[in-house]
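Colleague: I've just opened this one and I'm new to it. Can you walk me through it?

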Amino acid sequence: MAKYSPQELAAQLKSGLLSFPVTHFDQALEFDEAGYRDHLSWLSGYPVAGLFAAGGTGEGFSLTAAEIDRVVRVAVDEVNGRVPVVAPATGGTATAVAQAKAAEAAGADGLLLMPPYLTEAGQEGLVEHVSAVCAATGLGVIVYSRANAVLNDRSVQTLAERNETLIGFKDGVGNIESLTRIYAAVGDRLAYIGGLPTAETFALPLLQLGMSTYSSAIFNFVPQFALDFYADVRAQDREAVYRRIREFVVPYLDIRDRTKGYAVSIVKAGLTAVGRPAGPVRPPLQNLTDGELAELTTLINKIN
Ligand SMILES: O=C([O-])C(=O)C[C@H](O)[C@@H](O)C(=O)[O-]
C-alpha cells in the first residue's frame, strides 16, 4: 500500500532533488536485479526527496509491462519506505491505466504519467487520457508534459480541477510563456518538476517559474556533485551554479549531443566511468563509443 497520500507525496517531492535511476541490464540485455539493488542501496546514502523507478533515464520505454512491474517491485522493496517510489504509466490509455493499477498493487507511492508512444493527440484527448489514469487508482499522479503530449495552460487547469489526485506537472519542454501561463492558472495547486534532458542545465532559470525541483539523471553517477548543484540552485548562488555548469555540465552536454538518445546512454556510461557499471542500453538506444567513454571518464575525474 502507498505510504503517502497524494498531498503528502506532492509536499515531499517538492522538498528536494529527485532520483531517476537507470535500469541495469546484463550482457544479454535482461534485467540485472542484483546490480539494480546494489545501485539503489549505494544511492540511498545520499538524501533525495523521491525515487522514480523505470522513468526515462531508467529506459522505461524499452521495458515490457511485466518488466516494469518487476523493476517497481524491486525498487519498493529495496527503498523500504525511506523515500517515496514513483512508478511509470506509459503507452495508450488502456496500457497506462493497467500499469497504474499494477503500480498501486506493487506498493508504489505515486505515478509518473509518460507521453503515449507514437501517436499525436489534441488537448481534449490528452485531458481524457490523463483523467483516466488519475481515476484508475488512489495514487498521486505527476503528468510529464513532453514530446507528443504537451499540455497547455487551459488543459492543466481543467485537469487540476477535475482530478484531485493530479499533484504534479513535470516539464520536458522549457517554454517560458507556457510555464508562466500554467503557474498563473494553477499556482501551488501542483508541484512542478523540471524534466528536460540533463535537468541541471535549466534548473536555475526554471526555479523562477515555480520549479523547486528536477529529475537528476547525473545523480546516478555523481550523486554528491548533483546534490551540491541542487543546493546551489536553491540558494540561488549564481556564481557557484555557473562554475559547476562550466566545469562539468557544458562539456558533458558536448558529449551527450553527439547522438540522439545519448541523454540516457551517457548516464550508463557515467556509471561505467565511476566503476559501477549498469550494463549496456537496450536498442533503440546505442552505447557511447570507447573514445567517448574515455572523454567522459576524464571529465568525471575532474569533479570527483
Ligand atoms: O524520465 C526521466 O528520466 C526524465 O525526466 C529525464 C531526466 O531525468 C532528465 O531530467 C535529465 O536527464 O536530467
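Modeller: Strands here are DSSP runs of E with at least two residues, and helices are runs of H or I with at least four, both numbered from the N terminus. One caution: this is a predicted model, where local features need pLDDT of at least 70, side-chain atom pairs count only at pLDDT 80 or more, and totals for chains, interfaces and linings use all residues. Residues are numbered from 1 along each chain as its sequence is written.

Colleague: Okay. Is K170 buried or exposed?

Modeller: K170 is buried, because 28 other C-beta atoms lie within 10 Å. The cut-off for buried is 20 or more other C-beta atoms within 10 Å of the residue's own, exposed is 12 or fewer, and partly exposed is in between, with C-beta atoms placed from the backbone.

Colleague: What does K170 touch?

Modeller: Leaving out residues up to four places away in sequence, K170 touches L112, I142, V143, Y144, S145, I193 and G195. A contact means that the two C-beta atoms, placed from the backbone, lie within 7 Å.

Colleague: Which residues does UniProt list as "active site"?

Modeller: The unreviewed UniProt entry puts that feature at Y144 and K170. Feature names are shortened, positions follow the numbering used here, and annotations may be inferred rather than shown by experiment.

Colleague: And where is Y144?

Modeller: Y144 is in strand β5, residues 140–145. Y144 is buried too, with 26 other C-beta atoms within 10 Å. Its contacts, again not counting residues up to four places away in sequence, include L112, L113, M114 and K170.

Colleague: Switching to the ligand: how many residues surround it?

Modeller: 13 residues do, and the closest are G55, G56, T57, A199 and A217. To count as near, a residue needs its C-beta atom, placed from the backbone, within 6 Å.

Colleague: Helices next. Which residues of α2 are buried?

Modeller: In α2, residues 33–43, they are Y36, H39 and L40. They cover an arc of only 95° around the axis, so they lie on the same side of α2. That arc is taken from the directions from the helix axis to the C-beta atoms.

Colleague: Why would residues spaced like that point the same way?

Modeller: An α-helix has 3.6 residues a turn, so residues three or four places apart point the same way.

Colleague: What's on the face turned away, and what covers the buried side?

Modeller: The face turned away from the buried side of α2 carries the exposed residues A34, S41 and W42. Cover for the buried residues of α2 includes α3, residues 65–79.

Colleague: How many residues of α11 are buried?

Modeller: 10 of its 12 residues, so α11 (262–273) is mostly covered by the buried cut-off. Among what covers them are α10 (238–256) and α12 (290–303). After α11 comes G275, with a positive phi near 80°.
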